[in-house]
Structure formats: structure tokens, C-alpha cells
Amino acid sequence: TCTEILECETQDGFAACSTGGGKCLEKIFAYACECPAGYENKPTPGGLDSCQAKMCPTAPVKDFALSEKQDQKLSFPDSTTYICDTGYTSDGTAEGPTSFFVECGDDAT
């Protein structure tokens, strides 16, 4: 009797695909990752499949607000909070919120 080699086990496919809840799918001589929204297939350093978080553009510089992560790339599902400068709110009213956040969505925007 011949038995298929389970590459998800022997090539660490379960670990490589599990980021974000991805699944390892058995193939002949290999495995493939099925990645959830917000994650994409990327090769490992050894050339095998894996799920990795999508990268979003750099967190923007916003007028009259600061964020610790502005000018840095975010990856899904990261977000960053901006704090408005003194005398500013996010809706322009005196009682309005003084902070807002920008998130990296599952579509990498």
C-alpha cells in the first residue's frame, strides 16, 4: 500500500499557512495556503507557500494632527491613532473628538 506524503505536516505547511487563520491544502509534492481576507500568499525564504498580512501604504501625514506611526507602513489589521493639535477637533466643533484613527483594511487600503 502506498500512502500520500502529507506536506502540510512534513514541510510545516500548517504553521506557514496559519497566520490570520489560513488553511493548509495538500497537493502532490507540495502544499498550498488558502489565506483569509487581509492576508496574501507569499513564498517563505525556502520558496514554500505562506500567508502574510497585506501591507498598506504609509500612514499619511495629516494636517493639525500627529500619530506615532505616521510615515510608517501599516499591515493588516494594524491601525494608528491621530491626536489633534490643541485648538483642533476631528469635526471642527468645540466639543468634538480630539482624536481619530486610520486602519489598514483587508484590501490593503
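Reader: What is the torsion about the S-S bond of cysteine 8 and cysteine 24, and which hand does that give the disulfide?

Author: A disulfide here is a pair of cysteine sulfur atoms within 2.5 Å. For cysteine 8 and cysteine 24 the torsion about the S-S bond is about -95°, so this disulfide is left-handed. Cysteine 8 lies in helix α1 (residues 7-10) and cysteine 24 in strand β1, so the pair ties together parts 16 residues apart in sequence. The S to S distance is 1.9 Å. Helices (H or I, at least four residues) and strands (E, at least two) are DSSP runs, numbered from the N terminus. Keep in mind that this is a predicted model, where local features need pLDDT of at least 70, side-chain atom pairs count only at pLDDT 80 or more, and totals for chains, interfaces and linings use all residues. Residues are numbered from 1 along each chain as its sequence is written, and side-chain values use heavy atoms, with hydrogens and water left out.

Reader: Are cysteine 8 and cysteine 24 buried or exposed?

Author: Buried means under 20% relative accessible area, exposed over 50%, and partly exposed in between (1.4 Å probe, protein chains only). Cysteine 8 and cysteine 24 are both buried. Elsewhere, cysteine 2 counts as exposed because its relative accessibility is 83%, while cysteine 84, at 12%, is buried.

Reader: How many disulfides does the structure hold, and what is the pairing?

Author: There are four disulfides. Number the bonded cysteines in sequence order and the pairing reads 1-3, 2-4, 5-6, 7-8. One of them joins cysteine 35 to cysteine 51, with the sulfur atoms 2.1 Å apart. Cysteine 35 sits in the loop between β2 and β3 (39-43) and cysteine 51 in strand β4 (residues 49-53), so to speak distant parts of the chain, 16 residues apart. With a torsion of about -95°, the disulfide of cysteine 35 and cysteine 51 is left-handed.

Reader: Which hand has the link of cysteine 56 and cysteine 104?

Author: That link is right-handed, with 80° about the S-S bond. Cysteine 56 lies in strand β5 (residues 55-58) and cysteine 104 in the segment after β9 (99-103), so the pair ties together parts 48 residues apart in sequence. The sulfur atoms of cysteine 56 and cysteine 104 are 1.8 Å apart, and both cysteines are buried.

Reader: How do I read the hairpin of β1 and β2?

Author: Two strands pair if DSSP finds at least two bridges between them. Here five bridges join β1 (residues 23-27) to β2 (residues 30-34), and the strands run antiparallel. Lysine 23 stands opposite glutamate 34 in β2. Two residues lie between the strands, and phenylalanine 29 in the turn has a positive phi of about 70°.

Reader: Which residues touch the most other members of the largest nonpolar core?

Author: Nonpolar side chains tend to be buried together in soluble globular proteins. A nonpolar core is a set of buried Ala, Val, Leu, Ile, Met, Phe, Trp, Tyr and Cys residues joined through side-chain atoms within 4.5 Å. The largest one has 17 residues, and Cys17, Cys24, Tyr31, Cys33, Cys35 and Cys104 touch the most other members. Helix α2 (13-17) and strand β2 each supply at least two residues of this core.

Reader: Which residue forms a salt bridge with lysine 42?

Author: Side chains of opposite charge can pair when their charged atoms come close. The cut-off is a side-chain nitrogen of Lys or Arg within 4 Å of a carboxyl oxygen of Asp or Glu. Glutamate 40 is the partner, with the closest N and O atoms 3.8 Å apart.
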